[in-house]
Structure formats: structure tokens, C-alpha cells
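Let's take a friendly tour of a few local features in this structure. Please keep the viewer open as you read.

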Amino acid sequence: MPGASDFPRLTRGLLPGRCGSTAYSGAVATLDALLRAAVAGVGGVERPGQVRMVEAVAEALERKRHLLVQAGTGTGKSLGYLVPAVRHAMDTGRPAIVATATLALQAQIIDRDLPRLATALTPLLGRRPTFAMVKGRRNYLCLHKLDGGFPDDDDVLISVGEVDQATSRLGHEVVRLRAWAELTESGDRDELVPGVSERAWRQVSVSAHECLGSKCPMAAECFVERSRAAAEDVDVVVTNHSFMAIDSFEGRQMLPEHDLLIVDEAHELVDRVTSTITDELTSGLVVAAARRVGKRSERGPDLEDAAALLDGVLEQAPEGRVMALPDNLVLAVTRIRDVARTMQSELKPEQGEPVDGALQVARAAVDDLFDTCARLLEERELDVVWLSQEPRRGSVLRVAPMSVALLVRDKVLAERVVVMTSATLELGGSFDAVAGTLGMRGEGAPEWEGLDVGSPFDYPRQAIAYVAAHLPAPGRDGGSPAAMDELDALVRAAGGRTLGLFSSMRAAQAATEELRARFERDGIPITIRCQGEDQLGTLVREFAREASTCLFGTLSLWQGVDVPGSACQLVVIDRIPFPRPDDPLASARTQAIARMGGNGFMAVSATHAALRLAQGAGRLVRRSDDRGVVAFLDSRLMTARYAGFLQRSLPPFWPTTNRELVLGALARLDESAPDPLPVLEPGARALGGGPLVDPSADVDPRPVAGPPPSPPSVRTAVVSGHAWTAAEDKELHDGVRIGVDIDDLVEQLELDEEVIRARLAALGLELGDPQLGF
């Protein structure tokens, strides 16, 4: 593992040619010449829309005016903004920031687009453009925590000598993490392939609030600090919407000073920003904070009593939006806030007191409680408060802003040029709707321009849009058995090659289990993978590599997944992705628009669905030679009064409701399909996220961290009518190990007690005594 003394050597080797913030243009080259070189470097073809985008970004910089660019699939919009961004950075000495919504696109830019772009532009610019990736602290290995400087989460032991590798998947994962930690140059979680569970990753990472900062004894070696220091001296910094928003709103200056921000997947920005500044309160969070504080404060029992009071109030409260906090809830939240305020004073470290990781974790938990309670009690005019009942967490009280438009205007759009781009920004022939949500309309709005550069694809000849009009409209409980049969027939005809986009994770998992069982029964060699079974990037690469593999999932797969070629010839959308009827934010926005005389349903629900449908359908055609079908299993796309609006939001595919025609087309495509395109595997990442070697080199630089645990089977057993999965068996083993009781398991697994007891007996497990170790 590199130490502090290695940092200058690594920085010099990975970030050549940049000297602080000094501008260095190198050889004189026009934007046209740079774009031609970049397109040739990635093996592409220059497209008119791409040229228009390059020119528009350059003009926006010259005029210091914001820009909205709708760039359809196939435009090559990454190069459309990266080429002028690199040129601007080298001319001014200030980096360009690129923010994406999804990790998939972030990885694509840092692992594929920028390395090739840098190689192609070097001869014209006089030096190699440099780049780095910056992410939140939780995405990186914490060396101090690995070294025992923080308490372990979930009371699990992570000493290699105490791990029984034969009995615990978690033990396997932690051993792999320790081995990987000795090899990695970046500490970036995405470098570890295959990935590990969230529970295992928590054992080696900390949040921003838990971090000791400059007081950490391993600050000089910290992967996060070294990656951010490296990012100070590059031309392009790649990050995500949430990180960019936190940096803008809280003024943390985690990103280097810049005057150009490019927001890709900009249709997602409002939701990502809203999520970033949403707070939640549960009795479990209060109890966890009290336990983290432990004996450091005498008010621990008071905090636990306040948690019990909150739990009692929330259990009696109805789900849904809370228009005004009732008196009993005000009392419970006030008590938590007041106890947390006292604890904050007690936990303040004395001057010169040694750094204590456990103390910092406790302070972070108490600070979060205080801030959330204070916000709830403020009852801000634009905040929406609602209560949800969740199977694993119980009652969850959340608070989020109804609108972030003014916040984005004041904090994101100020003092820099912002380029927003996506394949779906223009609705009904106008950018106004999206611009309004981003703070670009109304009194005091900044100047901006909208541009639609189109798409180079011949959609009617390349793809079919099939609506299964014979199916019943999906109900609130999910799709019908007929819809599952339809999905089965489509996937079989396509020979796999299917990206399944579902409106909920429950629906995706149900379809995964049902089709796995059917194909196993019938001996059909089609593999179904489901989001959540591994890191998303790993699942996407497996899907892209194997023609007979399908990938099912929800929101993260609706955008940012780029699988060209024969690996993806069928995209299935299970239902129109409206917001849930009981979604408190959507309901609040709808009501607010209706009060002002607008059509709340069309402005909120239909617009949300149109954006999602356009993004999901756009997963199919990624290149000019791609062919396939987008299948909609929701007949309302033909029959509902809003159907025309949704249809006009889709790419202009050839439409049909003829089932036999579609099944025949899929079968013919499967029979004549070439092999899937080669898949670029992730390499070891250097500081800042770039690859350690040229991605075109014939080497595999990835560190080997030992074999992964065996993949879970579809079912491990059927006991008392329930088909047990490997993940559920692991929950049982873990529960017995840490000494939980049967009630905890019933709540955790959402199964009857007799079913759980029968499976425990079959596995030879007994509840009672905790089993230390693994």
C-alpha cells in the first residue's frame, strides 16, 4: 500500500504537465480540429449534432451564459462537451467540473471517454490533458478504520485471524477487503470486482461527518484527501450531482475553484438535489445515537426515553403527508432536540485531547439528530413532511423541500457558466418546464439558451415500439399473471438479451424469481440477473458480455446504462412510471400547481412519466447498427387520455400492437445476431480515479483480491411452502451468530415464525447463545 512518502511520486507520474493553475494551451488548435481528433481517437464518426454542441458550449463560455442542450442518443454528447471543456481548462488554467447523476456514466467518462480523448488530443495541445474523479467519502476505503481507529458497525469482528471462512459470507468479504487494501492505489470501491455487500463495506469506510479530518493520524495517507489534492491540478474533474450540490450549498470547497460546470443527465438534477437535502428521523436512529455516545454522556438514558416517546407517537400516526406537526409529535421531537443539544456540549473534545474515532462517530450521530429535529420544528413554508411505514425500519419521518429551483439558482448557477445536457430536456417543443424547475425562469432568473441538436439514428428502421394492448391495465399491486406470461414469451423469443425496467424493486425481484424458476424448469439456458445482487457496474458488464443474460432492475437502470450491440435487443418496461399516488412530494407539487390554476397531473405526474419513458426506451438504440424492440406491458399507453402526450415523448420508433409480429422479429434477430461487443473491464484506478495504464494496452492491471464467494443460487430449499434464498439463509446464520431472538427474525424476514423455525431446524441452527466470530 502506498504511504505518505509515495504521494509526490504518484502525483507526478499520473498528472503530468499541469503546474498548479497555470494556463498552458500548447499547440494552437481549433475546436474543429480537436473534435475531429477526438472522434477519430474513440473510433467514432463526427455527427452534425455533436459539432453544433461543441460550438454552443464554446459560445456559452464566451458570452458567460448558461446553456441547456438536448442531445439525443447517438449524438456523442460526452465529446460534445468534453472537447470544449478541455480546451477551456488549458486556456484558463481552471478545471472544468463534470457532474453526472449515475455512477455508470461517471465510470464511463473516467474509464473510457477521457483516457481516449486525452490520447487523441495530446499531439494537438502540446501536452496530455489530465483528469480526476471526486466522490463522497463513503466511496473510499478508510485506512484509519481498517487499522482499528473506529468502532466496528453491526458489532462484527474484522480480524483475519478470527474469521471462519467456511461459515460466513460477510467474513469472506471482509477478508477480501483487507487483501485488496494492501494492493489498491486509489481505495475506490468501484475498483473492487466483484463488489461486496453494503454491510461489509461499512466495516472499512466512514461518512463525511464521522471523518476525523486533519486530526486523523493517517490523514497524510488518506485516499480521499489524496484524490482531492490530485484533483486540484487537473483539467477535468468528474463527480456526481449529489457531491456537487453539497459542495455548492454548504460551501465546503471540496471541488477546486472553477468557472465551468457541466451537468450531464440534467433531467435528474432536481431529484438528486432534493434527495441530498432530505432529512429523516426514526426511533432507531435516536437509539443508535444514544448507543454510540455510550458512557460519554449522562443523558444517554434520556435520549433512549425520547426515542421510545417518538416511537409511540409515530406508531399511532397515519402514513402520508403531515400538514402540521401534532402536539404530541412536537413534544417528542423537541425532547430529542433538547437532549441532543446538551450532548453536543458534553461531547465537545477538550483542547489537546487525543483524537478518538468513536467520539467523532458519536458526535456525528448527535449532530445529525439535532439538525433534523431543529428543521422539523421550524416547519418551513416550502418543506414537506411525511410519515412512511417500512418493514425493516418501522416508522420513518422525512422532511424535504417542495422545490429546489431558487436554491439551484442561487448556489449552482451563480458565478460560473453551467451547461445542462440530457437526451430529455425538451417537453412539448419547449425547454421552459425543465428550466423552471432549475431556477432559470421567473423574476431574477439568469440568461440561458436552449438547443436541441437531435439524434443521428433512423429510429423507425432500427426499432419497434410494441405496446401489449391486450393486457389488462396494471393494478396498484403490480402486474398480472398475463403480464408475466408476456414477459416470459418476449424474453424466450429474444434468447435473453433483455434489459427489464421495472417501476419498483419488488416487481423486478418478483419477475427475476418467477422467470428463473420457469427457465430452470424448462431447461432454458437464459440467465436472469437482478439489481442489488452485485455492484451495478459489475452486473451491467455481465449483461453486456453474455448474450443469454438478462438484467432486471429499477431506477438506476432507466438511465446511464450504455450496452450497444447484440447483448441488448429487447427493453421491457413493465408499466408507465408515474410517481406513486401517495408520493408526498409529487402530491404537494401537484396541489401547489393546481392552486395556481395549472394542470397538476400533467405538470407533475405525466411529465415525470414522460421523462422516465424516454430515458428507458433510449436504452435500446445506442449505435447506428443496433436493432431491437422496446416492449411496454402497460395497455394504458394506447387507451388513456394522456397516451398521446407520452407517445410523443418517446423516440420515433415503428409502433405496433401485433404480438406475433414482435415475437417473430425478436426470434429472427436472435438467430442472426453477431457476438456481443467486447466489454471494457475496470482496471485499477490511480489517485483521482483515472486508470493506471492506457486502457488500450494489452494488460490487466487489476489487483487480485482472492476469489469471490460463490454466487447465490435461485433457491436453497423450500420449507413450509417458502422458497429460501441464499441471502435469507445468510440472514439466519448472522442472526444466530449475534444472538437475535425469533421476533427479530420474523420482523427482519417478514415471514411467519413457524416457517423460520422450520428452516432453522433444517440448517441445524439454534437461537439463544450468540456465536462469536464467523
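## Ground rules

This is a predicted model, so local features need pLDDT of at least 70 and side-chain atom pairs count only at pLDDT 80 or more, while totals for chains, interfaces and linings use all residues. Residues are numbered from 1 along each chain as its sequence is written, and side-chain values use heavy atoms, with hydrogens and water left out.

## Helix 4 against helix 5

Helices (H or I, at least four residues) and strands (E, at least two) are DSSP runs numbered from the N terminus. Helix 4 (residues 77-92) packs on helix 5 (residues 103-125) at an angle of about 55 degrees, and their axes lie 11 Å apart. Axes here are lines fitted to C-alpha atoms, for helices over the stretch in contact, and angles run from 0 to 180 degrees between N-to-C directions. The two helices are therefore oblique to each other; angles under 35 degrees count as roughly parallel, over 145 as roughly antiparallel, 65 to 115 as roughly perpendicular and the rest as oblique.

Contact means heavy atoms within 4.5 Å. On the helix 4 side, Ser78, Leu79, Tyr81, Leu82, Val83, Val86 and Met90 take part, meeting Gln108, Ile109, Asp113, Leu114, Leu117, Leu121 and Leu125 of helix 5.

## The buried side of helix 21

Buried means under 20% relative accessible area, exposed over 50% and partly exposed in between (1.4 Å probe, protein chains only). In helix 21 (residues 536-545), the buried residues are Thr538, Leu539, Val540, Arg541, Phe543 and Ala544. Their cover includes strand 13 (498-501), strand 14 (527-530) and strand 15 (549-553).

## Cysteines

How many disulfides does the rule give? With a disulfide taken as a pair of cysteine sulfur atoms within 2.5 Å, the count comes to 0. Cys142 is in no disulfide, and the nearest cysteine sulfur, that of Cys216, is 6.0 Å away. Cys142 is buried, with a relative accessible area of 13%.

For Cys211, the closest cysteine sulfur is in Cys222, at 6.0 Å, which is too far for a bond. Cys211 is also buried, at a relative accessible area of 17%.

## Phe645

Phe645 sits in helix 25 (residues 643-648). Its relative accessibility is 19%, so Phe645 counts as buried.

Which residues does Phe645 touch, not counting those up to four places away in sequence? They are Met602, Ala606, Thr607 and Ala610. Thr607 is 38 residues from Phe645 along the chain, and their C-alpha atoms are separated by 9.0 Å.
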